[in-house]
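Here is a walk through a two-chain model, one piece at a time. Keep the viewer open as you read.

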Amino acid sequence: MLEVQDQLERLRGAWMSGRAIGDLTLPDWREAVGEGAGAEVALVALTGQALQVLFRPVPPRLTPRPLLPALSAPTPPEAIRARIRRLLVARRSDMSGPKGLVLFLAARGYAMHPADWLPRAADDWVPALYAPWQSWAASEPLDDVAETLTAETYDNWPRAARRTALVALRRSNPAAARAIIAARAAGEPADRRLALLQILEHGLSADDVPILESFARDRSDRIQALVRMFLARLGRSSGDAALARELAPMVELGRVGLLKRRNQLTFRPLKTRPLENRRRELMSVVSLAELAAALSVEERGLVETVPVDPARVGDAFATMVAETASAAAWRAFFDLALQDGNVPPEVAEILCRRATAEERSAMLAAVLAREASARFDGSLAVAGHGLGAAGGVGLSQSDGYKELLGLAAAASGHTVAAASTLAIGLANLGLLLDPTAARTVVADCQAAGLSGADPLLDMLYLNIALKPERAT
Amino acid sequence: MTLSHSEIEAMAPDQSALKAAAALLKPAKWSSRGASGGLIWAECQGSGANPYRVAADTVDIGSKCSCPSRKFPCKHAIALMWLHVDEPGDFTPSEIPDWVGEWLGRRRKSSSGGGGAAANTTAGQKSLAAATAEAPVSPVDPAAEEKRRAAAGKRAADLRHQVATSLDDLEVWISDQLRTGLGGFLAEMPDRCRRFAARLVDAKAGALASRLDEAPSRVLRLPDEERIDAAIVELGKLALLARAWRAAPDDPELHREVIATETRDDLIADHDALRHSAVWEVLGEQIVTRRDGLVSVSTWLLNTGVEGPRFAVLVDYFPASAGRRSGAFAAGACFWGELLFYPARVPLRAIIAQRSDADVRADAPWPQPAPTDPLAAYGEALLAAPWLLAAPIALPSGRIAADPSGRPWWLDGTVALPVEGAVPDIALGARLDTAAGLWNGARLTLLAARTNWGRVGFDA
């Protein structure tokens, strides 16, 4: 074989530069190709065959990755996977991405089949059950971590599993979780440091003030903002009172009710666009308590009633409440939003950012019944991870649902924008509802004239077909 | 609107489309007939290797067919609706397949009104009765027949002479490339190959011209250090093919490789052609846009069960200008079928002679590859037909690993083969119990694998 290699090397060199090939060293080859006209063409044929059959690529060092670990949840039944793949393709093309579908499956107790979808290591939104796959994607060790998570064992844990464990620890033993974060956060890069400090939001208390204050001058602006937000919720003003004083004249605080005992904020349009912009800017940096102080009332006094909002800055105020209000003030405003049918879904969604799963579920039932948009985007945002379980009571009364059925009635005849609204609305309802309500939506759409075979109903059909793997 | 014969007459673009549709009313030409709501669909065995997928909406009389016809609706769509009007019971109520769902989705996005097919207003000039009437057969004139045969014989002799001359020129051209250096050849490969391919086209060696025209894309996608060997292989195979044809110009395989593929009818008329019945799994689809403006679609099949492994490929071409066409089969689908193979030393290319709708197991095991060198089958194929560019191989249990540069390799305990292109993420974390792919001596193009996570396809 060495002789063949040697001869091939000489031929390769000669042909590369167009030199004469000289005598062949292998007698069998000399005999096979003959002499004279055509011999060189015969030789190139023989050489090509030898290169293809006799030699194989030499691999560099190859180390297969560990096998993808099994997850605690099963993958969906095979019969359903084709529809899931179709939905994934559709969600890729309409830019909605896999998130809703992944969360829906998790809510029903299933994990995606890895041939259909795999999380990336940086996908922080994925349910905790995917932690082993994220560790695999990050090429982290997959050995079972038998030891307890402590500041000392911190580095032995894969990142995704560590985050899951730390969140669980924060719920069961906030002080222990705080101690780990205090010990290890400073040594992490900014993104991970931020993710660690975000865990403190679960059960945030006055005991967390020292650790938060230790990061108040962090070099990352995002971490500084997070710390300011948490401290504000704990009544520790870290902002500039002058900003609150600047904002105060831009809002109106009046009294309402029979006995004029309840405060009510009113956001009136300001004279110029720059002033409007400045008000929004101030609302994003001033805490609810600071604004209350500037208006000489208690923090709760600003959330006794739903603000009157002709200037349409209710979302900015809701963000201020969600991010900076004390637990009691946030709770008061959340309850108002729950009961007041005039509160728009986007405000409810903002308030839900710090709600528990049960609180989100209650808000979702309310928002579904008052949803004004046929896209049901607001309802989906309110639901968070709590998908596939809404009963749909009152759904048929909502303006959004009526508009959706109107679009379904003319599915083949409307504009691209309307078609997109119909597709997104049906997909979102498929994510939100329980199977009984999903069945009702399918029946309503068919009654409106949409073909029962229409792929727009795919998500609803998946919802109906995917039996909960465990009680959700 | 209920579909009726008069509606079909109205929608047909012309009488010839109705006539062509009438010829498709034989149930044997159709498989997988299904219905759901107002939708009907089926697969029709047309003139291509892959069956055409036809779907129609019986409410607004919209339709879709994967055939390359520019008529709308095409004869297949008309025949589908005609069959449904005649025998609605033959359409099994079932869940709509993915390809019908995709059509519905695309159709809505692009539609701005109801079905346009029914808008054809020339119904009065078309008739189903006329379409189904037997055409009168004119008697054969022996003298004319003799004249026709003589002319055909002369054309064949002229063709053979033209091709032989062009193959002589090809050898001279190969010698020139070697004499002037393959370094320069590689630098100008697309132009040089295209110029000589044009001469081969003029000489009626169309198949060889296509192979030469596509050679640069096969060679130049390799890293620099591998191109010289790839160029030697390509030139060597051209030389082998030229000499093999000269030795046996009537050999059907060599005629196909050098001049053109026989027609489907010629193949069906060939009683010696290999037929093989099996449950076939669709491994995957390779779609290549060629430099000549054609798109080739190769659907690779593997028999399931214990016998084999036996591979087959269904090849169709259509113009790139016709746009993306949906494949005839879903990867992983299984069907029972009798395949008719084009005569070859290593029979691979085939058409579907018969196909059954009977339910078959989708997860039936693949035949176990021989417990020898996984490339042994490739070596044997190249021994029989050294001009083959690649051959399918069945691989035993193995893994896929990325090398330090991120390039994937398939490997078992003894062999490591570099894999063409990227692989899905799961492939790096799965145990491949068995896999199938195409080996070309330098790269493995994986088609599908059975893994500890089930079937994984590589042709996405």
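Helices here are DSSP runs of H or I with at least four residues, strands are runs of E with at least two, and both are numbered from the N terminus. Keep in mind that this is a predicted model, in which local features need pLDDT of at least 70, side-chain atom pairs count only at pLDDT 80 or more, and totals for chains, interfaces and linings use all residues. Residues are numbered from 1 along each chain as its sequence is written, while chains are lettered from A and ligands numbered from 1 in the order in which they are written.

Start with chain A. Its secondary structure comes to 23 helices and two strands. Chain A is more spread out than a compact globule, because its radius of gyration is 32 Å, well over the 23 Å that the globule rule gives for 472 residues. (The radius is taken over C-alpha atoms, and the rule is 2.2 Å times the number of residues to the power 0.38.) Along its principal axes, the C-alpha trace of chain A spans about 115 × 60 × 50 Å. Of its 472 residues, 39% count as buried. A residue is buried if 20 or more other C-beta atoms lie within 10 Å of its own, exposed if 12 or fewer, and partly exposed in between, with C-beta atoms placed from the backbone.

Now look at some helices of chain A. How far apart should the ends of helix α1 (residues 2-17) be at 1.5 Å a residue? For its 16 residues the span should be 22 Å, and the end C-alpha atoms are 23 Å apart, which agrees. The expected span is 1.5 Å times one less than the number of residues. Just after α1(A) comes A:Gly18, with a positive phi of about 85°.

Helix α7 (residues 159-172) of chain A, with 14 residues, reaches 20 Å from its first C-alpha to its last, close to the 20 Å expected at 1.5 Å a residue. Its buried residues include A:Ala160, A:Leu166 and A:Leu169, and also A:Arg162, A:Arg163 and A:Arg170. The buried residues of α7(A) pack against α6 (131-137), α8 (174-184) and α9 (190-198) of chain A. Two residues are in contact if their C-beta atoms, placed from the backbone, lie within 7 Å.

Strand β1 (residues 252-256) of chain A pairs with β2(A) in the antiparallel sense over five bridges; strands pair if DSSP finds at least two bridges between them. Within this pair, A:Arg255 stands opposite A:Asn263 in β2(A). Five residues lie between the strands, and A:Gly257 in the hairpin takes a positive phi near 100°. Strand β2 (residues 262-266) of chain A has A:Asn263 and A:Leu265 on a covered face, and A:Arg262, A:Gln264 and A:Thr266 on an uncovered one.

Is A:Arg300 buried or partly exposed? It is partly exposed, with 17 other C-beta atoms within 10 Å. Leaving aside neighbours within four places in sequence, A:Arg300 is in contact with A:Ala328, A:Ala329 and A:Ala332.

On to chain B, which has 14 helices and 17 strands. Its radius of gyration is 25 Å, close to the 23 Å that the globule rule gives for 460 residues, so chain B is as compact as a globular protein of that length. Buried residues make up 42% of the 460 residues in chain B.

Chain B has an open sheet of four strands, in the order β11-β15-β16-β17 with antiparallel pairing. Its edge strands, each pairing on one side only, are β11 (391-395) and β17 (454-457) of chain B. Seven bridges join strand β15 (residues 432-439) to strand β16 (residues 444-451) of chain B, and B:Leu432 has B:Thr451 in β16(B) as its bridge partner.

Finally, see where the chains meet. The contact takes 55 residues from chain B and 42 residues from chain A. On the side of chain B that touches chain A, helix α10 (residues 224-247) of chain B gives the most, with nine residues.
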